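Hello,

Here is the structure I promised to pass on to you. Please have a look at it first; my notes follow below.

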Amino acid sequence: MHIRLKAQPSISLITCTNSKIKILRLIESLKRQNVKINLYVLNFSRLNFEIRHLSSKNLKIQLVKKTKYSLSKARNFFLSKIKSNIVGFPDDDCLYPRGLLRDVIRNYDNRQKKCIGCCYKFHGGPLKNKKKVFQKDIFGNCISFNFFLFNKKGLRFNESLGLGAKYNFGEESELLLRQLKDGHYLQKNNKLSIYHPKPIKEKFHHYFSQGLGIIGFLKTCKRKKLKLSYLAKLKLLTGSFIKMLYYFATNKRRLFINNLGICAGKLSGFINHYEYKP
């Protein structure tokens with residue numbers, strides 16, 4: 001009599017890059033995971049490079065080049081194609097610690113009815129001391145590269161939110177607010193930590209776009225009746241203004257200008273009544 005072994009859940013990772021060096025580092029960290037992975041890479045740089053030859057028994061790599069896609073549109077492009085049980089969205093400069101994806105699989109195998117994924121600590125951003133992340137807890141806990149969702153039909157990002165879109169903010173938060181409705185939650189691991197470097201310097205327009213995106217995101221949540229705690233709303237609306245005053249008083253010019261850009265974007269969003277329309 002033959003005993004049928006339980007198939008291991010499949011994992012797909014979706015990332016975008018404009019740097020071959022960064023994506024090679026991510027691939028090296030994935031090869032240390034010792035689980036089967038499907039890696040989908042969208043190259044939106046002007047340079048052509050090839051990485052599919054780095055595929056192995058446990059790591060299958062697909063590469064697509066599209067230079068005019070926003071981050072959300074690129075993710076949706078791949079989400080419409082994958083059939084894996086689990087999906088994650090690492091940045092190209094992330095590094096996964098050994099054993100992380102095996103823990104993701106363990107969460108999937110032991111999931112409860114209301115559990116739809118899991119999230120992890122990330123470099124420079126410790127998670128709040130809770131075992132579960134609910135809809136009200138996502139700010140400060142969840143950024144796209146540190147959570148994994150148990151794949152289901154209709155999983156999509158808003159293509160007007162996020163890097164390269166009309167509003168440079170909130171695509172992962174809006175996605176999670178929709179997914180974590182009705183008491184659903186993410187299981188959390190406070191022991192394993194995903195490495196992600198600190199943000200690089202950006203131009204004023206980047207921060208202006210981020211401020212504009214915050215207003216578009218808040219209006220979207222209001223219209224779609226996605227719950228946000230009062231503390232989260234207050235932090236989103238006033239946090240950059242408080243930081244701007246602090247950095248002005250302490251003569252930290254670059255940080256002051258960054259937060260000034262965010263405040264200017266928010267003000268423009270209020271005055272012009274910008275709103276995301278699906």
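**Strands and their pairing**

Strand 5 and strand 7 run antiparallel and are joined by 3 bridges; strands (E, at least two residues) and helices (H or I, at least four) are DSSP runs, numbered from the N terminus. Two strands count as paired if DSSP finds at least two bridges between them. In this pair, Cys 118 sits opposite Phe 148 of strand 7.

Before going on: this is a predicted model, where local features need pLDDT of at least 70 and side-chain atom pairs count only at pLDDT 80 or more, while totals for chains, interfaces and linings use all residues. Residues are numbered from 1 along each chain as its sequence is written, and side-chain values use heavy atoms, with hydrogens and water left out.

Strand 7 also pairs with strand 4, antiparallel over 3 bridges, and there Val 87 faces Leu 149. Strand 5 (residues 115-122) has a parallel pairing with strand 8 (residues 185-194) over 7 bridges, with Cys 119 opposite Lys 188.

The whole is an open sheet of 8 strands with mixed pairing, in the order 3-2-1-4-7-5-8-6. Strand 3 (59-65) and strand 6 (132-133) are at the edges with a single partner strand each, so one side of each has no neighbour in the sheet.

Which residues cover the two faces of strand 7? Phe 147 and Leu 149 lie on one side and Phe 148 and Phe 150 on the other, all buried (under 20% relative accessible area, 1.4 Å probe, protein chains only).

Best wishes

How values were computed:
Buried < 20%, exposed > 50% of the residue type's maximum accessible area, 1.4 Å probe, protein only.
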